[in-house]
Amino acid sequence: MAKKVAIIGAGVSGLTSIKGCLEEGLEPTCFEQSSDIGGLWRFTEKVEENRASIYNSVITNSSKEMSCFSDFPMPDHFPNFLHNSKFLEYLRLYAKHFGLLKYIRFKTTVISLEKSQDYSTTGQWTMVTETDGKHESFIFDAVMICTGHQIEAYTPVESFPGFEKFRGNYFHSRNYKNPDGFNGKTVVIIGMGNSAADIAVEICRKAKKVFLSTRGGTWVMSRVYDNGYPWDTIFHTRFNDMIRNSVPWFLLQWMTERKMNQWFSHENYGLVPRNRYIVQA
């Protein structure tokens, strides 16, 4: 008898987990609290509780060549970098092609998950779910948690002395959807990761002023790299990995800094990162 596997979440990891279980002769059941697949990549107008949230303009930072599954290339007519709706379309094609949807229970929330009483001998888990107010109990031989790591927003206001006196609005980027409502306002964005840079560029078209506050600086680079190719297809190659693994550290740092400054001098903008080797697209 095939072992039963519970999979929590029907995003990228959840879908690939279903497929992986089927290939190994296991019996997967996926539980998804929303009404659709996609996880992070399914945009909604409002933030949903216990679910990752993205803004309307999100585009992948990795190219379709590097983002696709090895056994299911993206269609040729897809752009090099995908809008979130296009990436969701790809996940739908993937799920349909491998027949994954029939293993997913939508609008089902996992209420509890704990080791069975005989776990020491069986290794099994007891799960309780809720669908339309109805509770069900299951026994599984294994559980795969595929809920992602961007569900909760971290807003450390206590790290900013005097913040309690601030009378303006503040919120985490998880709550950001579009630039509407920022007309004529002065905005400070704390952090300079991919989301911060995206949001700053988008908001500055409507806001009075936009400031980016960063502790350690960062390399700013274009998705389009040498000769118009996607950056990751040039940067992540076996040849480049061989070079990076063979040259002395100080030389590698110099090479990275020289390449990153071809577009503009980061020193002129106070953006030279503390670790000059790390590259963030």
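Which residues does L15 touch, not counting those up to four places away in sequence? I opened the notebook with this one, keeping in mind that the model is predicted.

**Entry 1: cores.** I listed the contacts of L15 and found A10, I37, L91, Y94, A95, L100 and I104. I then looked up the largest nonpolar core, which has 34 residues. L15 is among those with the most contacts inside this core, along with I7, Y90, L91, I104 and I203. I checked which elements supply at least two residues each: strand 1 (4-8), helix 1 (12-23), helix 3 (84-97), strand 8 (186-190) and helix 5 (194-203). Helix 3 gives the most, with five residues. Apart from this core I noted another, of seven residues, including F81, W219, M221 and F235. As background I wrote down that nonpolar side chains tend to be buried together in soluble globular proteins.

**Entry 2: second largest pocket.** I recorded about 640 Å³ of space for the second largest pocket. Its lining comprises 26 residues, and A197, D198, V201, V220 and M221 lie nearest the centre. I sorted the lining residues into 15 nonpolar, seven polar and four charged. Helix 5 accounts for the largest share of the lining, six residues.

**Entry 3: salt bridges.** I found 10 salt bridges in the structure and went through some of them.

I took R42 and E48 to begin with; their side chains meet at 3.6 Å, N to O. R42 has 11% relative accessibility and therefore counts as buried. E48, at 28%, counts as partly exposed.

I turned next to D226 and K259, whose side chains meet at 2.7 Å, N to O. This pair links distant parts of the chain, 33 residues apart: D226 sits in the loop between strand 9 (209-213) and helix 6 (231-235), and K259 in helix 8 (residues 249-260). I looked up the relative accessible areas: D226 is partly exposed at 31%, and K259 is partly exposed at 25%.

How far apart in helix 7 are D241 and R244? They are three residues apart in that helix (residues 238-246), so about one helical turn separates them. I noted D241 as partly exposed, with a relative accessible area of 35%, whereas R244 is buried at 14%.

I also noted a network: salt bridges that share partners join K19, E23 and D71.

Note on methods
Residues are numbered from 1 along each chain as its sequence is written. This is a predicted model: local features need pLDDT of at least 70, side-chain atom pairs count only at pLDDT 80 or more; totals for chains, interfaces and linings use all residues. Side-chain values use heavy atoms; hydrogens and water are left out. A nonpolar core is a set of buried Ala, Val, Leu, Ile, Met, Phe, Trp, Tyr and Cys residues joined through side-chain atoms within 4.5 Å. Buried means under 20% relative accessible area, exposed over 50%, partly exposed in between (1.4 Å probe, protein chains only). Helices (H or I, at least four residues) and strands (E, at least two) are DSSP runs, numbered from the N terminus. Contact means heavy atoms within 4.5 Å. On a 1 Å grid over the protein atoms alone, a cavity is a set of points where a 1.4 Å probe fits but cannot get out, and a pocket is an open set with protein on both sides within 12 Å along at least five of seven lines; lining residues have an atom within 4 Å of a point. Grid points are joined across faces, edges and corners, and a volume is the space filled by probe spheres set on the points. Ala, Val, Leu, Ile, Met, Phe, Trp, Tyr, Cys and Pro count as nonpolar, Asp, Glu, Lys and Arg as charged, and the others, Gly among them, as polar. A salt bridge is a side-chain nitrogen of Lys or Arg within 4 Å of a carboxyl oxygen of Asp or Glu.
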